[in-house]
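Please look over the sequence and the model below before reading on. The paragraphs that follow are meant to be read with both at hand.

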Amino acid sequence: MSDTTLCVGSLEAQPGTKARGTVRADLGTLTADIPLTLVNGTRPGPRVVITAGVHGGEFTPIDAAARLASLLEPGEVHGQVIICPVANPNAVYQGRLNVSPVDGVNINRVFPGDPDGGPTERLAAWLFTHLVDGADVYIDLHCGGIDQVLRDFVGYRLTGDPDLDKATAELAGSFGIEDVVLGLTAEGGNSHAAAARRGISAVLVEVGSLGQRDEPTALRRVDGLLTALRHLGVLDQDGSAPAPIREWVWSAGVTSEATGLWYPEFSFDGDVIGEVAKGDVLGRIVDPADGREHTVHAPADGRIFYGMHGLTVAPGTELAALAIPWDPDAATRSDTLPVPGMGRGSDEADPRP
Ligand SMILES: [Zn+2]
């Protein structure tokens with residue numbers, strides 16, 4: 001693979017070179033200029049695609065991807081690395097939300113996209129066709145949104161292909177992030193799920209939240225990407241052993257059923273602090289018109305991996321996502337398994353952002 005030119009649209013990198021620029025995606029009623037860095041090594045190895053800015057308002061991943069794009073040099077790369085720090089420019093530069101201001105669509109629900117659909121569906125299809133489809137490994141970087149608290153985790157999906165699932169589990173454990181949350185199916189419109197369905201080893205990496213953009217978090221994430229690239233053999237090993245991980249599986253996604261002011265019971269101190277049992281009070285939604293309270297209970301046991309920090313919520317707003325320790329033996333006892341697709345609204349679980 002590395003003896004060939006690496007091309008994405010009009011941007012190309014000969015073996016042993018790095019190319020940076022933008023490639024224009026035609027979205028039907030508008031276009032988007034997608035920033036890309038192509039690092040084409042001189043030695044054989046996998047093709048790794050890294051995206052950030054699939055959602056707006058997720059600053060640390062964008063920062064980390066841009067730093068990595070400046071850092072990587074083709075002479076040290078085995079294989080090819082494609083870095084896209086702003087995959088969804090309209091959502092990143094205008095809305096700063098999970099949904100695009102162009103059409104109100106959350107792109108991370110519609111992968112692999114539709115080339116004849118609306119603008120966001122076309123963008124998803126463009127990203128899939130031009131970046132993801134040719135990858136051996138796909139890493140999608142996210143964090144909690146501007147109004148969302150989050151514990152760092154890596155997510156991936158089980159596909160039923162034992163070799164692929166094993167490779168992806170090992171990749172998920174290579175970022176130096178202790179908590180790995182797996183989804184029991186590869187269904188849904190999340191980019192990493194759609195990639196997994198095509199046989200690509202794909203992970204979602206979530207680090208940071210609340211619109212923060214602190215340098216230590218970005219640097220921590222760059223370090224994690226470098227250790228993952230060493231694990232993949234894209235960069236030379238440095239002899240370090242992977243840190244131990246804990247595996248989790250989603251147990252519940254909680255969404256608001258009311259409009260009002262959200263007063264969560266869980267706290268946040270750099271990480272979400274919250275272990276809940278089924279039935280525990282997660283928080284209250286207060287109607288600002290008459291002060292009436294709507295109590296929200298945990299529908300299952302779990303640790304809170306992300307939660308709503310914003311004051312104002314409406315029906316459908318994601319309030320919390322819970323996960324429980326993964327017990328592979330439970331896979332044979334389906335009555336004890338969480339329902340696939342829980343954690344809706346986030347980037348992981350089935351449909352999350
Ligand atoms: Zn996201």
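The text takes up confidence first, then the annotated span, the strands and an aromatic cluster.

This is a predicted model. The mean pLDDT of the chain is 91, and 92% of the residues reach at least 70. Two stretches should be read with caution. Over residues 333-337 pLDDT stays under 50, and the model gives this stretch six contacts beyond four places in sequence. Residues 339-353 also stay under 50, yet here the model has 84 contacts beyond four places in sequence.

One annotation comes from the UniProt record, an unreviewed entry: "domain: Succinylglutamate desuccinylase/Aspartoacylase catalytic", assigned to residues 44-232. In the model this span is 37% helix and 21% strand, and its end C-alpha atoms are 12 Å apart.

Strand β3 (residues 17-26) and strand β4 (residues 31-40) run antiparallel and are joined by ten bridges. Within this pairing, glycine 21 is opposite leucine 36 of β4. Four residues separate the two strands of the hairpin, and glycine 28 adopts a positive phi near 90° there.

Strands of a sheet pair through backbone hydrogen bonds, either parallel or antiparallel. Between strand β17 (residues 281-286) and β18, the antiparallel pairing extends over five bridges.

Is valine 286 buried or exposed? Its relative accessible area is 14%, which is under the 20% limit, so valine 286 counts as buried. Leaving aside residues up to four places away in sequence, valine 286 touches Gly260, Leu261, Tyr263, Gly291, Arg292 and Glu293. Threonine 217 is 69 residues from valine 286 along the chain, and the two C-alpha atoms are separated by 34 Å.

A search of the whole structure finds eight aromatic pairs. One of them joins phenylalanine 153 and tryptophan 250 edge-to-face, with 5.5 Å from centre to centre and 80° between the planes. This pair links distant parts of the chain, since phenylalanine 153 is in strand β9 (residues 153-157) and tryptophan 250 in strand β12 (residues 246-255), 97 residues apart. Phenylalanine 153 has 0% relative accessibility and therefore counts as buried. Tryptophan 250, at 4%, counts as buried as well.

Phenylalanine 153 also forms an edge-to-face pair with phenylalanine 305, at 5.7 Å centre to centre and 85° between the planes. Because phenylalanine 153 lies in strand β9 and phenylalanine 305 in strand β19 (residues 302-308), this pair ties together parts that are 152 residues apart in sequence. Phenylalanine 305, like phenylalanine 153, is buried.

These residues belong to one aromatic cluster, formed by Phe153, Trp248, Trp250, Phe305 and Tyr306. Which charged residue sits over the ring of phenylalanine 305? The charged end of arginine 151 takes that position, 5.7 Å from the ring centre.

Conventions. Residues numbered from 1 in each chain as written. Predicted model: local features only at pLDDT ≥ 70, side-chain atom pairs only at ≥ 80, totals over all residues. Heavy atoms only, no water. UniProt positions renumbered as here; feature names shortened; annotations may be inferred. Pairing = 2+ DSSP bridges. pLDDT = per-residue confidence, 0-100. Contact = heavy atoms within 4.5 Å. Phe/Tyr/Trp six-rings, centres within 6.5 Å; stacked < 30°, edge-to-face > 60°. Buried < 20%, exposed > 50% of the residue type's maximum accessible area, 1.4 Å probe, protein only. Lys NZ or Arg CZ within 6 Å of the ring centre and 35° of its normal.
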